[in-house]
Amino acid sequence: MAQRAGVSKAAASKVLNGVVDFSARPETRLRIMEAAEALGYRPHVAARALATSNGRTVALLVPKLTNLTSVTIARSAFERAAERGYVSVMSEDFDEHSGMTAFRDLVHAGRVDGLIVASSRPHHKLIAALAESSIPHVFLDRAVPGTGRNVVMDVARSARLALRHLAELGHRTVAHIAGPPGITSSDDRARAFTESALAHGLTVCHVEHVELTEAGGAAAATAIVEAGRATAVYASSLAQAIGAIHAAHEAGLVVPDDLSLIGNDDFPIAAYLTPPLTTIAMPLWELGRYGADAIIDQLEGAAPVDVVIPTEPRLMVRGSTGWPGSR
């Protein structure tokens, strides 16, 4: 292309990438642009960003945009990135195809400078691709052990809060609706639930690993109810808890008289369910901000580090938990 325009490669590159302090005659610029158009040339986005200092773009990969947790984290990360002068984009990563497509379109095409991954899962090809890539990145909420670039909450603390509340209410046999196995936050929460139950002298009769959805919660709660032993259930997500309430009602149980329920994460809808849902409020807003800071710090020269959000989870007591057998 430079040869066609009769200029050096350096001159062609500077004109096409919009280097503002490069001096070239109007006719020279015109020849370069005409040659580029004739050859179908499009400048590489990352190269243009480096040449003009107009990059400053980060991407966030989330499991599903229908998930309130993902949306809350994304809104917070976007706000924090904007405060620091960065533009944010978001993409869903709900299966192997979507995740790798996003990686190819965003990273290989040079459209972003850094990546926040809130969608890691066992054997995800994206994790291996990132390990071989030079793109700055962090793992948010779902840690990838050994990477040294994880930004997470204290999920073990959330399980301990739930168990203490149930123990104080007098429950002796409890169950947990966990997330999919292999996801670190789900595994850590389930482990802490079991350990905390043992510490309080409670019996764990079920730990059901299901998707973090209403359908997953309903299926797990149905299995727990059919076993007929647990008097209280702690779910890993609000969506699971909503499904569990539905399953309890379908089984003819009254919440909390026959079965107490606690959900993880606290959103306004929790207070408007029937009954209002007791939850563990997680620092999701802070998580998003810390995630944005972590990737931007890398882009500005800092080394990757593991971060645990210092804000502790909070117990929000509502009508879905009570003394066992209170009806």
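Where is Ser 236 found? Hi everyone, let's start there. Ser 236 sits in the loop between strand 8 (232-235) and helix 11 (238-250); helices (H or I, at least four residues) and strands (E, at least two) are DSSP runs, numbered from the N terminus.

A quick word on the basis. This is a predicted model, where local features need pLDDT of at least 70 and side-chain atom pairs count only at pLDDT 80 or more, while totals for chains, interfaces and linings use all residues. Residues are numbered from 1 along each chain as its sequence is written, and side-chain values use heavy atoms, with hydrogens and water left out.

Back to our serine. Ser 236 is buried, with a relative accessible area of 4%, because buried means under 20% (1.4 Å probe, protein chains only). Leaving aside residues up to four places away in sequence, Ser 236 touches several residues, including His 176, Ile 177, Arg 189 and Asn 264; contact here means heavy atoms within 4.5 Å. Val 155 is 81 residues apart from Ser 236 along the chain, and their C-alpha atoms are separated by 9.7 Å.

Thanks, everyone!

Key
Buried means under 20% relative accessible area, exposed over 50%, partly exposed in between (1.4 Å probe, protein chains only).
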